[in-house]
Amino acid sequence: MTPGSAFDSILAVMLLALAWRMLSTRDLFQAVVLFISFGLLLAVVWARLGAPDLALADAAIGAGVTGALFLAAFGSLRSGEAAPEPPESTAERLARLSAVPLCAALAGIILWARAMSMAPSPVLGPLLPAAVEAAAATSPVTAVLLDLRAWDTLLEVAVLLVALVGGWSLRRVVGAAPTAVAFPPSQLLTSLTRLVVPVAVFLAGYLWWAGSTRPGGAFQAGAVLAASLILLLLADRLAPGRLSNTPARAVTSAAFGLFVLVALASLPFGRPVLDYPEGAAHALVLIVEAALTLLIGLILGSLFIDGSRTMDRREDAGS
Amino acid sequence: MIWVVTGAGLLAVGLHGALVRPHLMQKVIAFNVMTSGVFLLLVGGARSVDGAPDPVAQAMVLTGIVIAVSATAVMLGLVCRIEAMRGKAHLPETE
Amino acid sequence: MIIRDVASVVLLSLGSLFYVAGTVALIRFPDVYARLHGLSKADNLGLGFVAMGLMIRSGWLVAAKIAFVWLFVLMSAAVSAHLLARAAYRAGVPVTTAGGGPEHGGAAGGRWDGGGAAGTRSQGGGAAGEPGSAP
């Protein structure tokens with residue numbers, strides 16, 4: 001066994017052990033913390049699988065933003081532990097225990113199906129390297145995301161907008177002032193924010209630019225932007241209302257509109273949707289990625305507030 | 001191959017957790033574990049013609065990660081709302 | 001160069017040693033504050049040694065990037081540890097004294113900040129003492 005595969009085995013066992021532990025514990029805070037470490041280990045796994053774009057995205061979004069969302073939602077809940085198990089009848093207990101072999105059978109079926117089809121796809125496989133070569137970006141993942149499968153990306157952004165509207169509608173309509181935090185943020189956090197946020201914005205710009213030729217791109221840049229927005233919110237340097245008021249909505253709509261415009265711009269020339277003209281393909285991809293970066297950053301940042309402020313804090317509820 | 005097994009295992013563990021655990025937030029965590037399992041299946045099981053990492057699978061998973069976080073955000077908003085309206089965030093609903 | 005490889009391995013091993021020490025601290029220390037203390041050492045020094053071990057086997061540009069990574073992790077780890085300790089203190093988590101057992105606010109000798117903290121402790125404990133109040 002090579003050192004690489006030994007490392008892989010340890011990683012795999014740790015992933016499964018973390019997943020089992022976080023789903024069998026009764027303490028929700030422990031589950032959330034284990035989930036964040038699970039996300040970080042998964043980022044290492046992506047690096048082992050030769051997918052640096054995924055590693056960047058999972059570390060930033062999967063562990064970072066999702067972890068922040070969970071912690072914010074956990075803070076809004078009243079009790080930190082799961083409910084005591086209610087007394088269950090024999091039938092219920094039998095149903096619960098039968099879930100284990102059923103899920104194991106599902107995993108077994110998937111593995112069996114996978115073992116039956118070990119050869120790479122004969123239709124798509126030979127065509128792919130040539131198509132990536134001819135695409136608008138040098139990094140293969142960006143080429144697939146924004147040129148070969150740009151339609152999927154467009155629809156994905158539409159789904160993000162739907163999620164944003166969903167998050168907004170779940171937010172409880174508060175009175176005049178937003179619910180006050182229990183105590184002001186630490187001076188250290190404020191200073192760190194002042195130092196880190198400009199660097200983070202610069203880093204987002206670099207990731208956007210580098211996405212054409214290296215691992216990077218709009219999603220990772222948008223995640224870094226969302227992280228800096230969340231940091232600003234936590235340090236109370238940014239009022240939550242500023243992310244959902246009219247200028248923010250205008251920017252969000254404009255960014256999405258730009259993507260749609262670029263997509264439809266080829267129609268009047270008699271070509272199919274999202275067919276970039278040869279000379280301008282590279283520039284168009286960069287423009288679309290810029291719009292995507294802004295969009296993803298704003299959406300993920302706005303979703304963060306809505307998770308944490310949907311109900312009054314306990315201190316205010318009692319008074 | 002080990003990642004395909006891990007992905008299937010995560011999918012099974014996540015599904016079991018989503019079915020069995022009564023607390024809603026833990027169900028949301030379980031859904032996230034399931035999505036991670038599926039992503040591992042996609043990327044770990046993908047194979048390009050010349051042995052290079054498959055960019056199509058990676059692009060799909062990248063899209064999936066972003067959608068998973070937005071779905072999680074909406075789910076968590078729902079959980080907080082349910083707790084605000086019913087007083088508790090765990091099943092059974094009537095007690 | 002053989003000496004560069006040896007130095008790199010030595011530095012990486014030192015870094016791993018600090019991480020093991022930090023993990024032992026996480027498991028064995030009695031309360032939040034002591035664990036944060038141990039983890040900060042692991043984070044700063046352990047990562048520093050690992051970063052140095054990697055820097056000496058890379059080119060200039062990559063080494064500069066690794067140095068920046070270390071710098072930012074230092075800053076964020078320090079602020080995170082501070083925020084966690086602050087939140088735990090305000091939530092009323094008792095500090096374990098030198099005598100061994102945890103003591104709540106009001107006890108005189110053995111507390112690291114004397115009696116002056118008794119007033120602020122009860123204030124912090126009263127405002128956010130319910131279970132589940134998050135930092």
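The following legends describe close-up views of a predicted model. Local features are given only where pLDDT is at least 70 and side-chain atom pairs only at pLDDT 80 or more, whereas totals for chains, interfaces and linings use all residues. Residues are numbered from 1 along each chain as its sequence is written, chains are lettered from A and ligands numbered from 1 in the order in which they are written, and side-chain values use heavy atoms, with hydrogens and water left out.

**View 1. Helix H2 of chain A and its surroundings.** Helix H2(A) comprises 21 residues, 28-48, and spans 30 Å from its first C-alpha to its last, close to the 30 Å expected at 1.5 Å a residue. Helices are DSSP runs (H or I, at least four residues), numbered from the N terminus, and the expected span is 1.5 Å times one less than the number of residues. Among the buried residues of H2(A) are Leu28(A), Phe35(A), Phe38(A), Leu42(A) and Trp46(A); buried means under 20% relative accessible area, exposed over 50%, and partly exposed in between (1.4 Å probe, protein chains only). The buried residues of H2(A) pack against H1 (3-24) and H3 (52-76) of chain A, together with H1 (2-20), H2 (24-44) and H3 (55-86) of chain B. Gly50(A), which follows the helix, has a positive phi near 75°.

**View 2. The interface between chains A and B.** Here 66 residues of chain B are in contact with 78 residues of chain A, contact meaning heavy atoms within 4.5 Å. The two chains bury about 6500 Å² between them, 80% of it on carbon and sulfur atoms; buried area is the accessible area (1.4 Å probe) that two parts lose on being put together, summed over both. Trp3(B), Ile29(B) and Leu62(B) supply 10% of the area that chain B buries against chain A, more than any other three residues. Between these chains there are 0 salt bridges, a salt bridge being a side-chain nitrogen of Lys or Arg within 4 Å of a carboxyl oxygen of Asp or Glu.

**View 3. Arg21(B) at the chain A boundary.** Arg21(B) is located in the loop between H1 and H2 of chain B. This arginine is buried, with a relative accessible area of 10%. Its side chain reaches the backbone oxygen of Thr25(A) at 3.5 Å.

**View 4. The salt bridge between Arg48(A) and Asp8(A).** The side chains of Arg48(A) and Asp8(A) form a salt bridge at 2.8 Å, N to O. Arg48(A) belongs to helix H2 and Asp8(A) to helix H1 of chain A, so the pair ties together parts 40 residues apart in sequence. Arg48(A) is partly exposed, at 38% relative accessible area, whereas Asp8(A) is buried, at 11%.

**View 5. The salt bridge between Asp5(C) and Arg57(C).** The closest N and O atoms of Asp5(C) and Arg57(C) are 3.8 Å apart in this salt bridge. Asp5(C) lies in helix H1 (residues 2-28) of chain C and Arg57(C) in the loop between H2 (32-55) and H3 (60-90), 52 residues apart. Asp5(C) is partly exposed at 35% relative accessibility, and Arg57(C) is partly exposed at 44%.

**View 6. Helix H9 of chain A.** Helix H9(A), residues 218-234, has 17 residues and reaches 24 Å from first to last C-alpha, close to the expected 24 Å. The helix is mostly covered, with 14 of its 17 residues buried. Just after H9(A), Asp236(A) adopts a positive phi of about 60°.

Note on methods
Helix = DSSP H or I, 4+ residues; strand = E, 2+ residues; numbered from the N terminus. Polar contact = N/O pair within 3.5 Å; in protein donor to acceptor, adjacent residues only side chain to side chain.
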